[in-house]
Amino acid sequence: SSGINAEYGHPSGRFLGTACYDHSWRLWDLESSSEVLHQEGHSGPVYSVAFHGDGSLLATGGLDSYCRVWDLRTGRAVLFLEGHLKSVLSCDFAPDGYHLGTGSEDNSCKIWDLRQCKSIYNIPAHNNMVTYCKFSGTPNNSMLLTASYDSTAKVWSHRGWMPLKNLSGHDNKVMCVDCSWDKKYIVTASYDRTFKLWTNKSFS
């Protein structure tokens, strides 16, 4: 099957990245409704995509347990990130532009230094697979969010990767987590057929 697993909007608002079951990812021009890039490189379905803040790079996470970083100017993979024991289900660039987070079926979230091309921290984040990881904030004041099949979402300090808050309240696996631009609210979506909105008092 060539179904779409995930999509992510480019910082410019003009392009869209999609991750596909056919082991590829695509870049689409929304203004012309046309395909700009169609790249392969993973040995399994591509499950997640994320754009760098300046729009020049795209990261992909695959069910082959690897993460790749691609240069959108050439369409070529420039980094191959190996270290997870199971599928990479989510990836996101940090606001500082130098770090990348990956969430995996192996219950962990890894932090990668893109300048050193290696993992610099492994967060034993949850008791079940990490379905989503997301950075929020500014280069000088950011945090990392994770969601999991263990029915919780968590907030981590960046940097230091210390747990700040455990968001517990869902009755089933949490599939997605995000934060408002002003960091006042966090939203979580779950298989319990609900989404929850958490205020700053819940996680500060």
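In strand β10, T102 is the bridge partner of C91. The model is a predicted one.

**Strand β10 and its burial**

- Strand β10 spans residues 99-104, and six of its six residues are buried.

**Pairing with β9**

- Strand β9, residues 88-93, pairs with β10 in the antiparallel sense, and five bridges connect the two.
- The two strands form a hairpin with five residues between them.
- Within the turn of this hairpin, G97 has a positive phi of about 80°.

**Pairing with β11**

- Strand β11, residues 109-113, runs antiparallel to β10 and is joined to it by five bridges.
- T102, the bridge partner of C91, also stands opposite K110 in β11.
- β10 and β11 likewise form a hairpin, here with four residues between the strands.
- N107, in the turn of that hairpin, has a positive phi of about 75°.

**Aromatic pairs**

- The structure contains four aromatic pairs.
- One of them is formed by W25 and W70, with 5.4 Å centre to centre and 65° between the planes.
- Why does this pair tie together separate parts of the sequence? W25 belongs to strand β3 (residues 24-29) and W70 to strand β7 (residues 67-71), so the pair ties together parts that are 45 residues apart in sequence.
- W25 and W70 are both buried.
- F135 and W161 form an aromatic pair that is edge-to-face, at 6.3 Å centre to centre and with 70° between the planes.
- This pair links distant parts of the chain, 26 residues apart: F135 lies in strand β13 (residues 130-138), whereas W161 lies in the loop between β15 (152-158) and β16 (163-168).
- Both members, F135 and W161, are buried.

**Charges over rings**

- R115 lies over the face of Y98, 4.2 Å from the ring centre.
- K173 places its charged end over the ring of Y191, at 4.3 Å from the centre of that ring.

Notes:
Residues are numbered from 1 along each chain as its sequence is written. This is a predicted model: local features need pLDDT of at least 70, side-chain atom pairs count only at pLDDT 80 or more; totals for chains, interfaces and linings use all residues. Side-chain values use heavy atoms; hydrogens and water are left out. Buried means under 20% relative accessible area, exposed over 50%, partly exposed in between (1.4 Å probe, protein chains only). Two strands pair if DSSP finds at least two bridges between them. Rings of Phe, Tyr and Trp (its six-membered ring) pair if their centres lie within 6.5 Å; planes under 30 degrees apart count as stacked, over 60 as edge-to-face and the rest as tilted. A charge sits over a ring if NZ of Lys or CZ of Arg is within 6 Å of the ring centre and within 35 degrees of the ring normal.
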